[in-house]
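I'll jot things down as I look them up.

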Amino acid sequence: NHHQAHRDECVRSASIAATTIMLMAKEMGYDSCPMDGFDFDQVAKLIDLPHDHIIVLMITIGKKLEDANPRAGQLPLEEVFFTDSFPKA
C-alpha cells in the first residue's frame, strides 16, 4: 500500500544498477549514455512489458563517433560539491 515508496525504490535500485553498467561498459572500452525524452509507453508496448513493471531509464552503449557537445549552463564543481557541511550563506 505504499506505491510511491515502491516506485522510489525502483528508481533508486535501477539508478545504482545503471551506474554499475555504465562503469563496466567504460572499463570494457565502450561509451554509454542514460537516455530520456522517449515515449515510455511506446517502448513498454514494443518490448511487451508486463503491467506490473515500469521503465525507469534506458542506456545506450557503443563506441562514440565524436565527442559530446559541451553542456550549456553546467555549474562549476565547487558550487555543487560540498564536504562535511553546506557553506554558510
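**Entry 1: F38.** I started with F38, which counts as buried at 16% relative accessibility. My cut-offs: buried is under 20% relative accessible area, exposed is over 50%, and partly exposed is in between (1.4 Å probe, protein chains only).

**Ground rules.** This is a predicted model, so I note that local features need pLDDT of at least 70 and side-chain atom pairs count only at pLDDT 80 or more, while totals for chains, interfaces and linings use all residues. Residues are numbered from 1 along each chain as its sequence is written, and side-chain values use heavy atoms, with hydrogens and water left out.

**Entry 2: rings.** How many aromatic pairs are there by the ring rule? I get two aromatic pairs. The rule takes rings of Phe, Tyr and Trp (its six-membered ring) with centres within 6.5 Å; planes under 30 degrees apart are stacked, over 60 edge-to-face, and the rest tilted. F38 and F40 are a stacked pair, because their ring planes are at 25°, with the centres 4.4 Å apart. F82 and F86 form a tilted pair, 5.3 Å centre to centre and with 50° between the planes. I checked the cover on these rings too. F40 is partly exposed at 29% relative accessible area, and F82 is partly exposed at 34%. F86 is exposed, with 68%.

**Entry 3: more on F40.** I find F40 in helix α2. Which residues does F40 touch, leaving aside neighbours within four places in sequence? They are I55 and V56, where contact means heavy atoms within 4.5 Å. I also looked up F40 and M58: they are 18 residues apart in sequence, and their C-alpha atoms are 9.8 Å apart in space.

**Entry 4: the elements.** I count three helices and two strands in the protein chain. These are DSSP runs, numbered from the N terminus: helices are H or I with at least four residues, strands are E with at least two. From the N terminus on, the order is α-β-α-β-α. Why do I call the chain more spread out than a compact globule? Its radius of gyration is 17 Å, well over the 12 Å that the globule rule gives for 89 residues. That radius is taken over C-alpha atoms, and the rule is 2.2 Å times the number of residues to the power 0.38. Along the principal axes, the C-alpha atoms fill a box of roughly 50 × 45 × 25 Å.

**Entry 5: whole-chain totals.** Buried residues make up 8% of the 89 residues. The chain exposes about 8,300 Å², and carbon and sulfur atoms supply 58% of that; the area is from the Shrake-Rupley method with a 1.4 Å probe, and for residues only the protein chains shown count as cover. Of the contacts between residues at least 6 apart in sequence, 69% join residues at least 24 apart.

**Entry 6: positive phi.** Where is D48? I find D48 in the loop between α2 (40-46) and β2 (58-62). Its phi is near 55°, a positive value in a residue other than glycine. D48 is exposed at 65% relative accessibility. D84 is not a glycine and has a positive phi of about 70°. D84 lies in the segment after α3 (77-80) and is exposed at 87% relative accessibility.
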